[in-house]
Amino acid sequence: MKALAGKVALVSGSGRGIGKAIALQLAGAGANVVVNDLDEAFALETAAEIEALGARAIVCCGDVTAPDFAERFVGAAVDAFGTIDIVINNAGYAWDSVIQKTGDEQWMAMIDVHLTAPFRILRAAQPVIANAAKAEIAANGRATRRTVINISSVVGLGGNVGQSGYAAGKAGIVGLTKTLCKEWGRYNVCVNAVAFGAITTRMTTGEAGSSTIMVKDREIKAGVSDEILAAMEKGIPLGRAGTPEEAAGAVFMLCLPHADYISGQVIVAGGGWSM
C-alpha cells in the first residue's frame, strides 16, 4: 500500500512550480489532491497528471488572498472527499523594493499572500480537523495523524535587501506554525514549516534570466539576472540552486508516517545556504 493512500491534501499554488511538484509527489504516494492556481488551465493540467498517477484530483481556482477563498478551498475538499488530512500553504510570490520605495499596497500584498491567506485557510480547516479528530478519539482513543506544512523562506529567517514585505510574511508564517503546533497537538496534527532557499522556478529564472508574473492585473518582475543567480549559487555549499522536485521533497517527507513525531519545526531546503 502507498504511504499516503486515501489521504486528502490541499495544496495552494499547485498549478505549476514547486506547488505542482508537491502535489504530484503526494499523489504518487496515493493522496487525493485539491489543486489550486490563479490560472485554471495550469490547475487542470496538474489535476490530469495526478489522475494519471492513479489518485483523484479536483480543482479550486482562485486568488488565495480573496476573503471567501479559504472557505471555498476547504469546502471543495470536504464536498469531494469528506475530510482533510494534509494542508500545504504554498502559494506566494515576491514583489521586491527597498523599504523607502515600498508602498502600502505592495507591503500588504506580501503579508496577505504569505501570512493572511494561510491563516484563513487554517482557520477554515480547524472545525473539519477538530471534529474528525474528536470522533476518532471517542471511537479509537487516538486521532489519525494529520499534517500542516507552511512554506517559508531563508529570507524569512535571515532577511534580504529589498524584501521587507516578503521577509516579514515569511517570518510571520513561522510564528503561526509554532502556535498551531501547540494548539493542534491535541488533535494529533503535526504542524511544520519548510523554508526554501534558491530554487529554479519562474520566480528566479526565465528567458534571458528574467520573467514577469501577472497578479490581479498587475505585471510584477519575477526573475533575477543570470549574474545574480550565479553569485547566489557560489554561496550555496552544494554549489547550485535546487529544483522544484528537490524543494517538494522536503515537504513530502514531512507528510510521511516516518515524520509522525516531528512538529513545530522549520526545515530549511536550501542546499546549506543561509542569509
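**Pocket, cavity and sheet**

Modeller: Let me begin with the second largest pocket, whose lining, sorted by class, comprises eight nonpolar, three polar and two charged residues; please keep in mind throughout that this is a predicted model.

Colleague: How does one find such spaces, and what is the volume of the second largest pocket?

Modeller: In the case at hand, the second largest pocket has a volume of about 180 Å³. Its lining is made up of 13 residues, and those closest to its centre are Gly242, Glu246, Ala269, Gly270 and Gly271. Two elements, helix H8 (244-255) and strand E9 (266-269), each give two or more residues to that lining.

Colleague: How many cavities of 30 Å³ or more are found in the whole structure, and which residues line the largest cavity?

Modeller: One cavity of 30 Å³ or more turns up when the whole structure is searched, and the space in the largest cavity comes to about 30 Å³. Its lining consists of Ser12, Val64, Asn89, Asn90, Ala91, Val113, Ala117, Pro118 and Ile121, with helix H4 (residues 104-140) giving the most, four residues. By class, the lining of the largest cavity has six nonpolar residues, three polar ones and no charged ones.

Colleague: Turning to the sheet, what is the strand order, and why is one side of strand E3 left without a neighbour?

Modeller: In general, backbone hydrogen bonds pair the strands of a sheet, in either a parallel or an antiparallel sense. Here seven strands form an open sheet with parallel pairing, in the order E3-E2-E1-E4-E5-E6-E9. Strand E3 (57-59) and E9 are at the edges and each has a single partner strand, so one side of each lacks a neighbour in the sheet. From one strand to the next, the twist averages 20 degrees. As an example of the pairing, strand E1 (residues 8-11) and strand E4 (residues 86-89) are joined in the parallel sense by three bridges, and Leu10 has Val87 in E4 as its bridge partner.

Colleague: Which strands does helix H6 touch where it packs on the sheet?

Modeller: Helix H6 (residues 164-184) touches strand E5 (146-153), strand E6 (189-196) and E9, and its direction makes about 160 degrees with that of E5.

Definitions and conventions. Residues are numbered from 1 along each chain as its sequence is written. This is a predicted model: local features need pLDDT of at least 70, side-chain atom pairs count only at pLDDT 80 or more; totals for chains, interfaces and linings use all residues. Side-chain values use heavy atoms; hydrogens and water are left out. On a 1 Å grid over the protein atoms alone, a cavity is a set of points where a 1.4 Å probe fits but cannot get out, and a pocket is an open set with protein on both sides within 12 Å along at least five of seven lines; lining residues have an atom within 4 Å of a point. Grid points are joined across faces, edges and corners, and a volume is the space filled by probe spheres set on the points. Ala, Val, Leu, Ile, Met, Phe, Trp, Tyr, Cys and Pro count as nonpolar, Asp, Glu, Lys and Arg as charged, and the others, Gly among them, as polar. Two strands pair if DSSP finds at least two bridges between them. Axes are lines fitted to C-alpha atoms, for helices over the stretch in contact, and angles run from 0 to 180 degrees between N-to-C directions. Contact means heavy atoms within 4.5 Å.
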